[in-house]
Amino acid sequence: MDPLIDEKFILTVSQVLPDHFYKTLLVFAEREAYGPSKNEGLCFENCTLVEFVGDINGKLYLALDGYTKLKLLPKIAKAFQIDPTSRAHSSSIMMEFANQIAGNLITEMRLGRYEIDILPPENLNHKLIPISLEHFRQYILIFNLKDRRGDEYMGRLYLILLLEKFPTPQN
């Protein structure tokens, strides 16, 4: 197993997510903070889970608070050419956006010769999600979002990355 896989994933996320935001929405995503975390659960107003399996197994949670969702949703809907005023579409718009980000991340990891596939995204809005620290290593990356001119603050995006721990050898 690759002892640097966590760092490779974090660096790849740190490159892919801001690029995707700028190319798709003309929004700057500046990484504010990152690091390991030991939270035993999470709950956000808007949370999408994308699981990945293969050489590396894990979960990627893309989470937003209410303010950020209100600022970001119209831009995402416009990029997908969907009416942003329709509440019925907001969850599916956010899930598709998270799926695209995860797809770009997995594509980059495949270029690094890791065989990984993503599963369909799950909507976990307003749900308390337990995290097993026994089975996963957890990292959180926080991004500040600003419009293309960099003068309008659009909120924070939280990306929680869970990587399955390697099995410990039994003697």
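Is Glu-30 buried, partly exposed or exposed, and what is the relative accessible area of Glu-30? Glu-30 is partly exposed, with a relative accessible area of 40%, where buried stands for under 20% relative accessible area, exposed for over 50%, and partly exposed for what lies in between (1.4 Å probe, protein chains only). The model is a predicted one, in which local features need pLDDT of at least 70 and side-chain atom pairs count only at pLDDT 80 or more, while totals for chains, interfaces and linings use all residues. Residues are numbered from 1 along each chain as its sequence is written, and side-chain values use heavy atoms, with hydrogens and water left out.

The structure holds 5 salt bridges, a salt bridge being a side-chain nitrogen of Lys or Arg within 4 Å of a carboxyl oxygen of Asp or Glu. One of them joins Glu-30 to Lys-146, with the closest N and O atoms 3.9 Å apart. This pair links distant parts of the chain, since Lys-146 belongs to strand β8 (residues 136-147) and Glu-30 to strand β1 (residues 27-36), 116 residues apart; helices (H or I, at least four residues) and strands (E, at least two) are DSSP runs, numbered from the N terminus.

Because Glu-152 lies in the loop between β8 and β9 (153-164) and Lys-71 in helix α2 (residues 66-80), the pair ties together parts that are 81 residues apart in sequence. Glu-152 is partly exposed at 32% relative accessibility, and Lys-71 is partly exposed at 29%. In a further salt bridge, the side chains of Asp-117 and Arg-110 meet at 2.5 Å, N to O; Asp-117 is partly exposed at 45% relative accessibility, as is Arg-110 at 39%.

Glu-152 is also among the residues that line the largest pocket, together with others including Leu-25, Lys-75 and Arg-148. On a 1 Å grid over the protein atoms alone, a pocket is an open set of points where a 1.4 Å probe fits, with protein on both sides within 12 Å along at least five of seven lines, and lining residues have an atom within 4 Å of a point. The elements giving two or more residues to this lining are α1 (5-25) and α2, and the largest share, 3 residues, comes from α2.
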